[in-house]
Amino acid sequence: MAIAARETNLNDQVYEEVRSRVLTRRHAPGEKLSLHHLASELGVSRSPVHHALTRLVSEGLLTVKARRGYDVTPVTATALAEGYDVRLALELHAAELTVGGLDPSQLSAFRSLLEETGHAISGEQWDGANAAFHEYQIDLARNELLSGFYRELSVNLLMQVIRGGRVEGHSNLVTEHARIVEAFERSDMDGARRAIRAHIETGRRIALDAIERAGGLL
């Protein structure tokens, strides 16, 4: 598969292609990725491939080892559990900074993003809508460092790896999104905490169940 693009877009396009392969498990957990082979297959030089692999290492999707190269990072129960703990802490902190202090336009935008998650059909649509919903929830705190940490949190990407393009429990997840938005609309801090905790635990359970079915590793 050759990638044809202007030089200014080449790094991003190669990154998106390799990232998509990892997230959909076209490259399996533990698989070694060859920079030279990928460059040849994609019809590009080694530079944009190296750029893509480096970005994926920073996201936790790849692991780099001296004299071995790049491996697709296996998803373990421990990594997911720790990631969900951090995600919960970030979302609760953002809620404490925002619930009760939002204007009608912000709440309206939040509800619109909720509706987008309800309309998502494919795994790709869900991933985009779900990410937009939760990133906006964090962005409402108006803390760029907090937003940056949240976007770099690898547990969100690892869930895409686990799902492999599938969406489990879509209607229940949308209902949980609705409970979060409704608590924000009521300026109900306790309700927001409960809704966020419940939603994070649902995601954690789905992830850990998938890993258990796979024998402890994905």
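Reader: Hey, how many bridges join β1 to β3, and do they run parallel or antiparallel?
Author: Two bridges join β1 to β3, and the strands run antiparallel. Strands here are DSSP runs of E with at least two residues, helices are runs of H or I with at least four, and both are numbered from the N terminus. Two strands count as paired if DSSP finds at least two bridges between them. Keep in mind that this is a predicted model: local features need pLDDT of at least 70, side-chain atom pairs count only at pLDDT 80 or more, and totals for chains, interfaces and linings use all residues. Residues are numbered from 1 along each chain as its sequence is written, and side-chain values use heavy atoms, with hydrogens and water left out.

Reader: OK, so in what order do the three strands sit in the sheet?
Author: The order is β1-β3-β2, in an open sheet with antiparallel pairing. β1 (32-33) and β2 (62-65) are at the edges with a single partner strand each, so one side of each has no neighbour in the sheet.

Reader: What's between β2 and β3?
Author: Three residues, which makes a hairpin. Arg67 sits in that turn with a positive phi of about 65°.

Reader: Switching topic: which residues touch the most other members of the largest nonpolar core?
Author: Phe110, Ile180, Phe184 and Ile196, out of 31 residues in that core. A nonpolar core is a set of buried Ala, Val, Leu, Ile, Met, Phe, Trp, Tyr and Cys residues joined through side-chain atoms within 4.5 Å. Buried means under 20% relative accessible area, exposed over 50%, and partly exposed in between (1.4 Å probe, protein chains only).

Reader: Which element gives the largest share?
Author: α10, with eight residues.

Reader: Which residues are in the second core?
Author: That separate core has 20 residues, including Val18, Leu61, Tyr70 and Val72.

Reader: Last one: which residues of α7 are buried?
Author: Leu146, Ser147 and Tyr150 are the buried residues of α7 (residues 144-152). Seen down the helix axis, they fall within an arc of 100°, so they line one face of α7. That arc is taken from the directions from the helix axis to the C-beta atoms.

Reader: What's on the face turned away from the buried side?
Author: Glu144, Leu145 and Glu152, which are exposed.
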